[in-house]
Amino acid sequence: MDDDIAIRYAGVQKRLGRQQVLRGVDLEIRRGECLVVIGRSGGGKSVLLKHLIGLMKPDSGRIEVDGQDVVPLSEVELVPIRKKIGIVFQGGALFDSLTVEANLAFPLREERGTPAAEITDRVREALDAVGMLGHEKKMPGELSGGMRKRVAFARAIIRKPEVVLYDEPTTGLDPIMADSIDQLIVKMRERYGVTSIVVTHDMHSAYTIAHRIAMLHEGRIYTVDTPDHMRQSADPIIHKFVNGISADVTDL
Amino acid sequence: MRALFFIPTALGRGALGLVRELGELTMLGMETVRCIFTRRLRWSLMIQQFYSVGVRSLMVVLVTGLFTGAVFTAQTQFHFHRLQMDSATGIVATLAMCRELGPVLSALMIAGRVGSSMAAELATMKTTEQIDALRALAVYPIEYLIVPRFIALTVSMPLLTGMAIGCGTIAGYLVAVPLMGVDGTYYWQHIADNVAPQDIFVGLIKAVFFGVIIATVACEKGLLAEAGAESVGRATTDAAVYGSIIVLISNFFFTLVLNTALG
Ligand SMILES: Nc1ncnc2c1ncn2[C@@H]1O[C@H](COP(=O)(O)OP(=O)(O)O)[C@@H](O)[C@H]1O
Ligand SMILES: [Mg+2]
């Protein structure tokens, strides 16, 4: 048992409808590491993240968090796992019926036992971290896409989880905001030793934050390597993806 | 050849679909009831739901009760008057209101108003990953979303139905006595002699079950919605249509069973 490995996917397969989305994913994430997952859209990156916290169950394979296989766990048994993992959903997934403030307080209130004054402080602190102070009373419907992303980010980290999963945290943000989110991801890791998995299409952001980059291609992890190696890779599939060259253009 | 098999195939599919549907409904219903007894009850959410389910449906249900009672009494009186059975008008109208019209029409209105909006809300939460977000935050969606809706609807239904029955009866009196010239004293006397508390009781029991049916159908349609905007629309109409149809069909069986059991 390798103590250094926080998360391990082994032979994970998943079929959704007619599509074999995951065809045997093997992937290990080290404790405290920031792993960036890249791959074409519709390639199963979000599905991969959802499996880790039991939102989806694989057809076969193992998924371990701190050495424990989460696949056979029931909703109740998953509670301790979910408490140590925060997730930023691709669309934010803020609760429509709650204000920004109540969205952020929600995870803390659900833990119960956190005093109200402390909740208020931590909500402010988290909003401040994502530059959203002053928007406490707004409803999610009144926010722009980028603002929603930032609030979702704040909600995911407010419990100070050991592992944070970011599903396209910078997509749709302006470059400056995207950069500040990247800085936050780095800060979470440096300050709190958070293990991160970041799904992104933004190669600039990937190079900034990643220790290693994994490429999900046709339902498998095609490569895992350092940002430098990925950038210089001669492999045509990786090369095309990281340099944003579409197959149609190169075929001409 | 294919045309020959089309009808049996479609029927078979329909039957399978129905069985699956009933299975899903039963599972969700049972899980919800289990949750009520084993998990924390969210009082503040329940009160919010009481407001949006019960209080905000008052107008609709009262109007339904009033005009159903009025029209049914008028129609009965037209015919009974010709047969010189004026004294039976109040009895028939009130019994019909208590046992069938009150509970069924209220339930249909609620299935349309509340069932559909519940399904729409839950389906939207499903497609925008809010339900996944709840689970990710270690909150059980049945406990947080379904139980408050289920309880609010199940408790509101008999209350609303009781009011519909009351309104219908009063409207019946107003139509029969001042409008159509039936003798007022006899009208009440006949009702008092022939309508027993258990007639109202039958209506209220039905209403409880209709509440359970509407809530379960709406929640199931909402929770099982797939990704995409059109699936929210489908969940919304399905909740109203299936809810109403199951209410109408089950009402027939409730009537048989309750009449045998309670008289
Ligand atoms: N709940 C679901 N039901 C059916 N198909 C799904 C579901 N979620 C995702 N898919 C399908 O799985 C594939 C991978 O989706 P996703 O993981 O969201 O891709 P991405 O890599 O862009 O995040 C897509 O084809 C999508 O249509
Ligand atoms: Mg995705």
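## Strand β8 of chain A

A:Val37 is placed opposite A:Val199 of β8(A), and A:Val36 likewise stands opposite A:Val198 in β8(A). The model is predicted, so local features need pLDDT of at least 70 and side-chain atom pairs count only at pLDDT 80 or more, while totals for chains, interfaces and linings use all residues. Residues are numbered from 1 along each chain as its sequence is written, chains are lettered from A and ligands numbered from 1 in the order in which they are written, and side-chain values use heavy atoms, with hydrogens and water left out.

Strand β3 (residues 34-38) of chain A and β8(A) run parallel and are joined by four bridges; strands pair when DSSP finds at least two bridges between them. Strands here are DSSP runs of E with at least two residues, helices are runs of H or I with at least four, and both are numbered from the N terminus. Strand β7 (residues 163-167) of chain A is also parallel to β8(A), with five bridges between the two. A:Val163 is the residue opposite A:Thr195 in β8(A).

How many residues of strand β8 (residues 195-199) of chain A are buried? Five of the five are, so the strand is largely enclosed by the rest of the structure. Buried stands for under 20% relative accessible area, exposed for over 50% and partly exposed for values in between (1.4 Å probe, protein chains only). The cover extends to both faces of β8(A): A:Thr195, A:Ile197 and A:Val199 are buried on one side, and A:Ser196 and A:Val198 are buried on the other.

## The six-stranded sheet of chain A

In chain A, an open sheet has six strands in the order β6-β7-β8-β3-β9-β10, with mixed pairing. Its edge strands are β6 (85-88) and β10 (220-225) of chain A, each of which pairs on one side only. With direction ignored, neighbouring strands of this sheet are turned by 15° against each other on average.

Two strands of the sheet are also part of a β-α-β unit: β7(A), helix α6 (residues 175-192) of chain A and β8(A) form it, and the unit is right-handed. Right-handed means that, with the strands pointing away from the viewer, the path from the first strand over the helix to the second runs clockwise.

## The four-stranded sheet of chain A

A second open sheet in chain A contains four strands in the order β2-β1-β4-β5, and its pairing is antiparallel. The edge positions belong to β2 (19-30) and β5 of chain A; each has a single partner strand, so one side of each is left without a neighbour in the sheet.

β4(A) and β5(A) run antiparallel and are joined by two bridges. A:Val65 has A:Gln68, in β5(A), as its bridge partner. The loop between β4 (60-65) and β5 (68-69) of chain A holds A:Gly67. At 33% relative accessibility, A:Gly67 is partly exposed. From A:Gly67 to A:Ala210 the C-alpha distance is 23 Å, with a sequence separation of 143 residues.

## Positive phi angles

Most residues other than glycine have a negative phi. A:Glu168 is not a glycine, yet its phi is positive, at about 50°. A:Glu168 sits in the loop between β7 and α6 of chain A and is buried, with 5% relative accessibility.

In chain B, B:Glu129 has a phi near 65°, again a positive value in a residue other than glycine. The loop between α4 and α5 (130-136) of chain B contains B:Glu129. Is B:Glu129 buried or exposed? B:Glu129 is buried, and its relative accessible area is 17%.

## Helices of chain B

Helix α4 (residues 86-127) of chain B packs against helix α8 (residues 197-223) of chain B at an angle of about 20°, and their axes are 8 Å apart. Axes are lines fitted to C-alpha atoms, for helices over the stretch in contact, and angles between N-to-C directions run from 0 to 180 degrees. α4(B) is therefore roughly parallel to α8(B) (under 35 degrees; over 145 is roughly antiparallel, 65 to 115 roughly perpendicular and the rest oblique). By class, their contact has 18 nonpolar, three polar and six charged residues. Nonpolar covers Ala, Val, Leu, Ile, Met, Phe, Trp, Tyr, Cys and Pro, charged covers Asp, Glu, Lys and Arg, and polar covers the others, Gly among them.

Helix α2 (residues 43-54) of chain B includes B:Gln49, which is buried at 9% relative accessibility. B:Gln49 and B:Ala88 are 39 residues apart along the chain, and their C-alpha atoms are separated by 41 Å.
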